[in-house]
Every structure is written in C-alpha cells, then in structure tokens.
Amino acid sequence: MTTTPDRLVDFDEVLTRYEPVIGLETHVELGTASKMFCGCSTTFGADPNTQTCPVCLGLPGSLPVANAAAVEHTIRIGLALGCRIATWSRFARKNYFYPDIPKGFQTSQYDEPLCTAGHLDVEVDGETYRVEIERVHLEEDTGKNLHVGGATGRIHGADHSLVDFNRAGIPLVEIVTRPIPGTGAKAPEVARAYVTELREIVQALGASDVRMEQGSLRCDVNTSLAPIGSLEWGTRTETKNVNSLRSVERSVRYEMRRQAAVLDAEGRVLQETRHFHEDTGSTSPGRSKEEATDYRYFPEPDLVPLAPDAAWVEKLGADLPELPAARRARLMEEWGLSATEMAWLVNADALGLVTDTVAAGASPADARKWWLGELARRANDAGVELTQLAVTPAQVAELTALLADGTINDQLARQTLDGVLAGEGGPKQVVEARGLAVMGESDELVAAVEAAIAGAPDVVEKVRGGKVQALGALVGAVMKTTRGKADAATVKRMLEERVVGS
Amino acid sequence: MSSTELTDLDAAELGRRLAGGEVSSVEATRAYLDRIEAEDGAVGAYLHVDGETALQRAAAVDAARAAGEELGPLAGLPVALKDVFVTEGVPTTSGSKILEGWRPPYDATVARRLKDAGTVLLGKTNMDEFAMGSSTENSAYRVTRNPWDLARIPGGSSGGSSAAVAGGLAPWALGTDTGGSIRQPAAVTGLVGHKPTYGSVSRYGLIAFSSSLDQAGPMARTVLDAAVLHEAIGGHDPRDSTSIDAPSPPLAECARRGATGDLKGLRVGVVRELGGEGHTDGYEEGVLARMAEAVQLIEGMGAEVREVSCPSFDLALPAYYLIAPSEASSNLARFEGMRFGIRVADDGRHDLDEVMALTREQGFGPEVKRRIILGTYALSAGYYDAYYGQAQKVRTLITRDFTAAFADVDVLISPTTPSVAFPIGSRVDDPLAMYAADLCTLPASLAGLPATSVPCGLSEGLPVGLQIMAPALADDRCYSLAAAVEAALDSARGHRLLDELPTRAGATGGAA
C-alpha cells in the first residue's frame, strides 16, 4: 500500500496553537483458566483451533454460560479503579458480520456495564493527572484472522485468510476512560503513564498476565486537537491496537503532529480508526467512522442478568491486594528513594523488574543501577522494551552477587551480560564458559607480572627511585596482557611486593 | 400383529408391550420404518430417516433387555425429532437450505436425554425454515400434508412432527414452540402438544429462532404420552443459563390422576380476548362451537368456570412480531457460510462481504428474509425504543394480565388456533393471515407460561384444539385438565379422536 506521507507539525509548535484531548480504551484478556462462555482452555500459543467447542465456534444451537471467575476479576478491577459496582448488570449483543466473530455478534455489555464512574491518578514529571474512568465492562474476545499473501498482512490483497478461534471467547475486560483534557504537552506521557499504571494494577490483582506483546493488553488511543481556547473539542481519531507502552506515547505524539498539520491547512480531521506502525511510529487510515456502524445492541437473551451481591462485592473490596500506588509509597520508604527516583523507575517500566531483582537477593541500589543504566541502554539500542530483554531479574541479581564477591569486575560484568543476552545461560554459566572470572594470584598472573617487570627495567628503576606513581604503567601492561580479567588492586599489590620489595 | 396395529398404539401401551417382551424394539421400529417407507412420500413428514441406524439401536436395546439389564420405561420406543434439534452425526437443517449437508458434532441436551433413555431415533421431521411459520410451507425442502386431509396444512412450524405422530409415522415426537409451533400443529392434527414453562426444558442444541421465547416440548397422541415425554426431556441443564434449577412437578402422575375427571374446586378462566364476546373476528364458527362445548364439559365435571379479561392480549401479535424477528435477526447472523452449511460464490472473484451476502441471499427463504429485515430494522439506532423497547413493555403488560388472572383462577382456556387446518397454499401470499394462526398461542409464549393443546372435537371433519394455560412452573395443571377433557371426550365418543382419521378409518375397514 502506498500512501503519501503525512505532513507533520513540529511537536512543540503544535502546542502553541492547539490543545489535545486524549482518551483510552484498554482491553485486558483475563487470565482465567477457561473461556468466558464455555469450558475451553485459554492457554496462549496452542495449535490453531485446538481450543474450541460448539459454544466458542458459535455452532447452531449452542448457548453461553458466563464464567463466574471472569465476573469476579472484572469487579475487582472496577473496585481497584474506585468504580461504582452495578447491582444489576446485563450482557448485550453487539451485532456485526466478520469471520472472526463466530456468532455474528460479540457478547459484550452496553448500557448496563458491571462497573462505572471510577478514576485513576497518574503522575508525570511530579504532577498528578486524574483520569476519569467511564466504565469497566466484560466481553468476549474475537478469533484471530491470518491473511495469507499480500504485502500488508491485511485482508486487502491477501490470497486467502485463515481464522484461529482459540482466542474467540477469551474473557476480555474493556476499561474506557472519559476524555482527558488539560494535559497539554504531557498528553503523550499521560497516555503512557495511564496504561502503565493500569497494567500494574491489573497485574497486582492477578487478573491477567497483561503481556502487551502477546496481546493480552491492547489499547485503542483516541486523540483530538482543538484550537487553544476553543469551547468545543476537535474531531477524534481512534488509533487501534497500539501494543506497547512506547507506542501509546508515540501514537499520541504522531496524531497530534499530523492533526495539527491538517488543521493548519484549514482541513478537516476525519473521524476514523487508524493503524499504528511500530517501525515508523506513524499512523495510517483504517475504517471510516463517519458513517457509524449500527451495532444494534440489545440485551443478550441467552444469559441471565448479573446481580452482584453487595456483601460479596464488599468482601472483594476488602480483600484487594496492595495496589501499585501504595506499593510505590512503601518501596520509596524502604529503598530510601525520592519521588523523582521512583518516577524514573516507573517511567522506565522497571519497577517490577527492580522489585523482583531485589527479591532475588540484590541490593535496591544495585538493582536500580543495572536496570536503569546498562540494561536500559541496551534495551534502547535494541529498540525493545526493558521487559523484553532476554535477562531475568534473578539473573541480574546473580550478576550483582558475582560483582560483590569479586568474582568479576565492572568490565567483566558487562561482558557477562553480553553472554546472558546472547542466550548462553545465566551469569555464572557465562563467566565459566567464557572464562571471565577475575584472575586470582595464579601462575598465569604471576608470570604476567614478572614479564611486565622484566620488560620495563626503566620503569622499575623510576619506582625504586621513589616515583611510585610510575607503577601505573606496569599495572596497565599486566591488565593488557590479561585482557582485563585481572583485578587491578591485586596486580598493584603484586607489583609493589616485587618492585618496591620486601 | 400388523405394522398398522403396532403403529396405532399410543407410546405408553407400546412401552408396556416392550417391557413385557410381547414386542421387540426392532419389531416396533421396523413397523414404523415400513409405514414411513410406504406413506411418507404422500405425507412428507420427514427430512431425514436412517432406518439402518434406527434398527441397530433398537437391536441394541433388545439385546440389553434380553441380557436382563435394568432399562428405563422409554427404552426401545421409537421417537421423531423436529429438525431444529442438533443431533450428533445426523443431518440437521432447521428446514433451511443454508444448513444443507451439515452434520453436527454434538447432541442437543434433549436429544441426548432421549438417547440416554434408550429411545430409538426414527428421523428428523420437516418444519418451517428456522421455525418461522404456521403451516410448514416455509420448509426449504418439502411440503408436509395433514393426515386428516392431504390437501391441508399440518400446522407449523412443527408440522413434520404433527403429521408424523398423527399419521402413524412416529409414536410421538418433539417439537419446539416459539409463538405456538407445538400447540397449533397439535391442534390441527388432533394431537396433544405442550409448550413447557420457559426455562424448564433445556434449549441447548435447539437452533435458536427467538431465544427468549423458544421452548422444546412433546407432541403425542395422548395426554399421558405427552407428560411422559416431557418428563424425559425436562429438568435443569447447566449448559443453558436460562434453565430453571427447580424440581419439576410429577407430570405423568398428574395426567393419570386428571383422567379420573374430578374437577371439583378447579377454577377455570375463559379468556374473553381469545374468541370471546366482541373478539370473534377471524374465529371459525366450528372452532367456537367446540370451545363452548368444552366449557360446558369442564363445568359438568365440577369446575368453576368464569370469563376473564386480559386486555393486553390484543397487543400480543404486534409485540411478538417485533421481539421474535429482532432476536432472530441476531440469532441467524452466524449463518454466513464461513464455518458450516453452504457457501456461495467462493470463486476468487467475490470478496468476503459478497460471499457472505450471496450465501445468505441464496441460503435463506423469503419468510426468513422478511423476518431478518423486520428485526434488523426494529433494533436499529433510532428505532429501538419505538419498536423493540415498546414490544418489551407490552410483554410486561401481558405478564401482568396473566398474573392478575391467576389471582382468581387456576388455569385459563381458549381455542388453540382460530381455524381448523387450512388448505395448502391458501395463505402463502398473505403473511398477516398466516400470522393470525398464532393469535391464541402468543400470549403464553410472551409470558413464558406453560400451555397445552388438547383435542376437543372436529369441525368440518377436522380437529379442533383447546388451549389450557397455567402459571409458570405449574405445567402439571395443564396436564391434569387436559387429561380430564381427553378422558371425558374419549369416553363419550367411545374411541379416541385419532381413530376417526380417514386414512386410519380406511386401513381398519372404516369407522362405524
């Protein structure tokens, strides 16, 4: 597909003329053992169409039965977001034709969702933004289309298409924000911070593994611009299936820059869905929403209404685990961090990693240093999320332990990390296999020291003559012959013993 | 015993003979298969018959009995299922071309329960496409004829089942009733048909027409048979969320007790809006006459009969024709040629939307399309409140009328349908005339209440049905009163109504 590249306005310039309003619809696949309306397994990665039955295939005659665990997870998410929990809630049918929805409708919720009117506070650069939550509702996922042939992976131009119904019917919670105004230049970061915080909450609740790369958390990002001071909001676009935190931020940034150019040229922003492209960070037009699809929602007659018992809901609320905001406050105290330092951790999406690394035995300072320093650099170089790096918190803890006991030094630690990231095993294994351990007073080191002394009689003379700092040249020579594996302090002591003498 | 004699027996009697070893299941099954072979060409009751499998199952039951195994009361009894029930490995079409060739991978709960009870499936019976119709003329496959007069309709949508049971091609059968599709065909073929309380018989594996109305139920030659078959399929099913988890009253026992004919203390309401004073338009005189006689009969047996007014019933027809098509438009969306049934125009020259549209265009018949269009419109943004929303309110009003009526009476009665079986083809061009056949049965459907049709005589040589409606979960009241009416009429007549069937009268040498 060839399209003319969008004209873009410089981001800072956008803000001189326009105010953004953002909004997010987030889908979370729940981690229940079985699907929303049948007993099929939800395990990710099974062979196509092996986790299906008459119900999730929508075979004639089949009927749904709601998964109680999914209802409970949804209510817990609602409670964690401070929502009002409905005392009466119904499923509704959202009618439209597509091969990946087997029944010709998606069983969802419409005007009677389980949870409404909540909020989530997120922090960006020390400032708190309140994101109002409009609703949290429960629905079923669709199947997955695979369009074979053609360049774009989309249906147009494909030779044929396949559908995998393993995903069809997996419980999906949709969390919809109200429009979020007033974020200005921080709009992209607020969007990212919101998804990050939401993900942390869902993870803390144990409701989902929220793996964006596997699609168990998916975002639709709405963006609109209006001239500064305008009383009305602009027309919004909906960027679909933005599947990483970084992309959430980039998609808002891109849409702001693109829409500003359209508006600058006195054009009209089209109400449409847009696709986000990870490689270029740009969006392209999808389905037009100008002619709104009429989904003909009506209450699902095959399911009875849900009427969560007030006492049960109260108990679910009382039993919620420590939520991320409270946990951060506690960790700041325990680790002695400032709010800014904590914000860095969160923004880098490293809090969970650091917590796990500390749990695996590393000191909080070491854990932070590695994840925010060396590892963040490498993730950035590779263009991946920190969590996608091929190193586990336990391995990082092992690395810091090897450093602490002097098995390796900083330089060797970086080489060890190379090996771990290359899939050569854990740090200990890599140190062993690559022979990276710091040399003790081995024969090899003694030989290197003595060779250095023998090879530089003039330096030896200088040292003996009182210029002790000249010893550095000899240390350097030894380090060079041992290719950095020797411990500099040990080398220095050995040289002193032999040159300055006993 | 000849085939005809065996197939004349009601199911209870045949069951007794099977249990007593006088007849084998293979003999009974073969007798029915022989008659199907000989007569179904003219009647057109079945869409699918697999004699070989039926005989194998029958032989297995006989072998089990011979081995002294403990068998249930239904073991070895043949049965027919309306083609709306999903049956594992057995073609299931719901009367539609769009499902041609589909062999389901699973059994409907009721089909499974009958299988587990040891019944022998004779075949799948014809029906109006997706159960939409009152004459079975909307079947995509064949015309079914009324055994009382082959030029007339057998009712619908369960017309294959009614024709089979009345015509001696099955001892009993299952039908489904959305707006009257068990009761009306039972009425016009001289059978007993019962629509159970909504939620008391599982809908799992019943190809949905209108989910909030559909109920499976028995069609039989006697009230007792209907009650026994109902008991076999009823009860809670965890696979159907709308299934009621409550014990069902003993129905067969009520049918037996009811046949003693003592109705003292029973309060019976005659619904004015269903054929009563000022509401006789469209009702045939003969039907009203049989109805009046039934009222006298019931009074004569000691019941206290009074007229009851349910004003909202006048709105039942328009409400039904919004709710049922609305739900149908959604229920039938899955028939798009992607996973089962036929697929049209998948030739590489048509895109996805075209393949789906052409499949539906060629797969669905005109009445189904009419209702999909009607329902799609009624659910559309901007029209929902005026149509679907209003219809749901009418539904509430109808339920209130019933509640008020049942504060004063135990059961309500009316004609089952305003006319006797009409001639094939006479109403096909007039959907509204066709819809009027359901006038009396719709209120109980919309309120989810149990209702029975029991024969109450002939008009112009054709059967007339009496409808008995009861409060939710009081299906036993329907069976009690129906049994009393049946027993009194049989005894006055000296034989069963079905014995007056012209074909049967011919076969047995003519009625006296």
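How many disulfides does a search of the whole structure find over all chains? The search finds 0. The structure is a predicted model. Chain B meets chain A through 39 residues of chain B and 32 residues of chain A, and the salt-bridge count over all chains comes to 64.

**Cysteines**

- With 0 disulfides found over all chains, Cys40(A) is in none, and the nearest cysteine sulfur, that of Cys53(A), is 3.7 Å away.
- Cys40(A) is buried, at a relative accessible area of 9%.
- Cys219(A) is likewise in no disulfide; its nearest cysteine sulfur belongs to Cys83(A), 16 Å away.
- Cys219(A) has 0% relative accessibility and counts as buried.

**Interface between chain B and chain A**

- The contact involves 39 residues of chain B and 32 residues of chain A.
- About 2,700 Å² is buried between the two chains, with carbon and sulfur atoms giving 61% of that area.
- Of the area that chain B buries against chain A, 23% comes from Ser241(B), Arg334(B) and Arg339(B), more than from any other three residues.
- Between chain B and chain A the count is 1 salt bridge.
- Asp302(A) and Arg203(B) form a salt bridge, with their closest N and O atoms 3.0 Å apart.
- On the side of chain B that touches chain A, the elements giving two or more residues are helix 11 (316-331) and helix 12 (352-363) of chain B.
- Helix 11 of chain B gives the most to that side, with 5 residues.
- By residue class, the side of chain B that touches chain A holds 20 nonpolar, 11 polar and 8 charged residues.

**Salt bridges within chain A**

- Arg90(A) and Glu112(A) meet through their side chains in a salt bridge, at 3.0 Å from N to O.
- This pair links distant parts of the chain, 22 residues apart: Arg90(A) is in the loop between strand 2 (84-85) and strand 3 (92-95) of chain A, and Glu112(A) in the loop between strand 4 (105-108) and strand 5 (115-124) of chain A.
- Arg90(A) is partly exposed at 29% relative accessibility, whereas Glu112(A) is buried, at 18%.

**Salt bridges within chain B**

- The side chains of Arg496(B) and Asp10(B) form a salt bridge at 3.9 Å, N to O.
- The two residues are 486 residues apart, with Arg496(B) in the loop between helix 17 (475-493) and helix 18 (502-507) of chain B and Asp10(B) in the loop between helix 1 (3-8) and helix 2 (11-19) of chain B.
- Asp10(B) is buried, with a relative accessible area of 17%.
- Asp40(B) and Arg142(B) are joined by a salt bridge between their side chains, at 3.3 Å from N to O.
- Asp40(B) lies in helix 3 (residues 25-43) of chain B and Arg142(B) in the loop between strand 3 (120-125) and helix 6 (159-166) of chain B, so this pair ties together parts 102 residues apart in sequence.
- Asp40(B) is buried, with a relative accessible area of 5%, while Arg142(B) counts as partly exposed at 28%.

**Salt-bridge network**

- Asp6(A), Glu255(A), Arg258(A), Glu272(A) and Arg274(A) are joined into one network by salt bridges that share partners.

Definitions and conventions. Residues are numbered from 1 along each chain as its sequence is written. Chains are lettered from A and ligands numbered from 1 in the order in which they are written. This is a predicted model: local features need pLDDT of at least 70, side-chain atom pairs count only at pLDDT 80 or more; totals for chains, interfaces and linings use all residues. Side-chain values use heavy atoms; hydrogens and water are left out. A disulfide is a pair of cysteine sulfur atoms within 2.5 Å. Buried means under 20% relative accessible area, exposed over 50%, partly exposed in between (1.4 Å probe, protein chains only). Contact means heavy atoms within 4.5 Å. Buried area is the accessible area (1.4 Å probe) that two parts lose on being put together, summed over both. A salt bridge is a side-chain nitrogen of Lys or Arg within 4 Å of a carboxyl oxygen of Asp or Glu. Helices (H or I, at least four residues) and strands (E, at least two) are DSSP runs, numbered from the N terminus. Ala, Val, Leu, Ile, Met, Phe, Trp, Tyr, Cys and Pro count as nonpolar, Asp, Glu, Lys and Arg as charged, and the others, Gly among them, as polar.
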